[in-house]
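Dear colleague,

Please find below the structure that I am handing over to you. My notes on what was found in it follow directly after it.

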Amino acid sequence: MRILVTGAGGTLGKAVLPALVKAGHEVRATGRVPRGGGDARWFPGERVKEAVRGCDAVLILPEERRGEPVWERGLVAAACGAGVPHLLRVAAPAAGRAGRRLDEAERIVRSSGLGWTLVRHSHLHQSLDRLLREYAASPVLPVDPSVPWQPVDAREVAAYLTGLVDGGPRQAALAFGGPGVLRTPELVRTWLGARGLRRLCPRVRYPGKAMAEQRAGRLLVRNAPLGTLSWRDWLTPPPVLSDDFAVEHTASPTSPAAQPENDPDLRVYGGDEGYQRQTRA
């Protein structure tokens, strides 16, 4: 299948592109071009009509834009003109004013007359990690114990979306979330421990309507497919073991086990220059 991915240069797009290519799809992309560009064919945003031509599906990924519904109408109009069979729109968690803009963008897709699927996913591990790195520039990192989070790995979301592309339009609103719900103190404490950092974390109440909606659990994913990689496991992955038994079990050149027993005057191979083993009396 020929797939156009918009917003392909974002956090999720960097995981989706290789997943689609690995599944055997021909991939076109718009958005910020990452270093190397991957195996996709990239189009500037103003050439969206050319990009959708001949595509079997358009995968619309989250991307920061001003006037998003206006942009959405132009993309959907181009897809309708090209007769694209499937619009798959994906959204990151949004509340408040951003949530209202998202509702309008999804309405445009549903009313397009094309086959469609809507997906909302919970917060990505990668996005939260980047956000906490920014906040950790300060010695104080306030936490709100009443705010829940359900982080999920971008690669697992990408695998889920690849399956939806292969399955065709669902004419439904779906969701995909992380394997567990964490409160802000646990989320931040786990991150600080994994990054080897110490910060003062006073308990506060985050202001604003968007935080109020998240506090009420409206951004959590329930009764839907869930990922398996937890926040803690993503931050502290297990060491990769070598498949080469010889490499794993061969003694170091400086190990006594690797030194010739009958020639004590030889240097320790790989040791400091000039070091010699003591001779026997």
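Axes here are lines fitted to C-alpha atoms, for helices over the stretch in contact, and angles run from 0 to 180 degrees between N-to-C directions. Helices (H or I, at least four residues) and strands (E, at least two) are DSSP runs, numbered from the N terminus. The model is predicted: local features need pLDDT of at least 70 and side-chain atom pairs count only at pLDDT 80 or more, while totals for chains, interfaces and linings use all residues. Residues are numbered from 1 along each chain as its sequence is written, and side-chain values use heavy atoms, with hydrogens and water left out.

I begin with two helices. The axes of α1 and α6 come within 8 Å and cross at roughly 45°. The two helices are therefore oblique to each other (angles under 35 degrees count as roughly parallel, over 145 as roughly antiparallel, 65 to 115 as roughly perpendicular and the rest as oblique). From α1 the contact (heavy atoms within 4.5 Å) involves Ala-15, Val-16, Ala-19 and Leu-20, and from α6 it involves Ala-154, Arg-155, Ala-158, Leu-161, Thr-162 and Val-165.

Helix α1 spans residues 13-22, and its buried residues are Gly-13, Ala-15, Val-16, Leu-17 and Leu-20 (buried means under 20% relative accessible area, exposed over 50%, partly exposed in between, with a 1.4 Å probe and protein chains only). These buried residues pack against β1 (2-6), β2 (26-29), β3 (41-42), β4 (57-60) and α6. After α1 comes Gly-24, with a positive phi near 95°.

Tyr-160 belongs to helix α6 (residues 154-167) and Phe-176 to strand β8 (residues 173-176), 16 residues apart, and the pair links distant parts of the chain. Tyr-160 and Phe-176 are both buried.

Trp-231 and Trp-234 also form a stacked pair, with 6.0 Å from centre to centre and 15° between the planes. Both lie in helix α9 (residues 231-235), 3 residues apart, about one turn of the helix. Trp-231 and Trp-234 are both buried.

Yours sincerely

Methods
Rings of Phe, Tyr and Trp (its six-membered ring) pair if their centres lie within 6.5 Å; planes under 30 degrees apart count as stacked, over 60 as edge-to-face and the rest as tilted.
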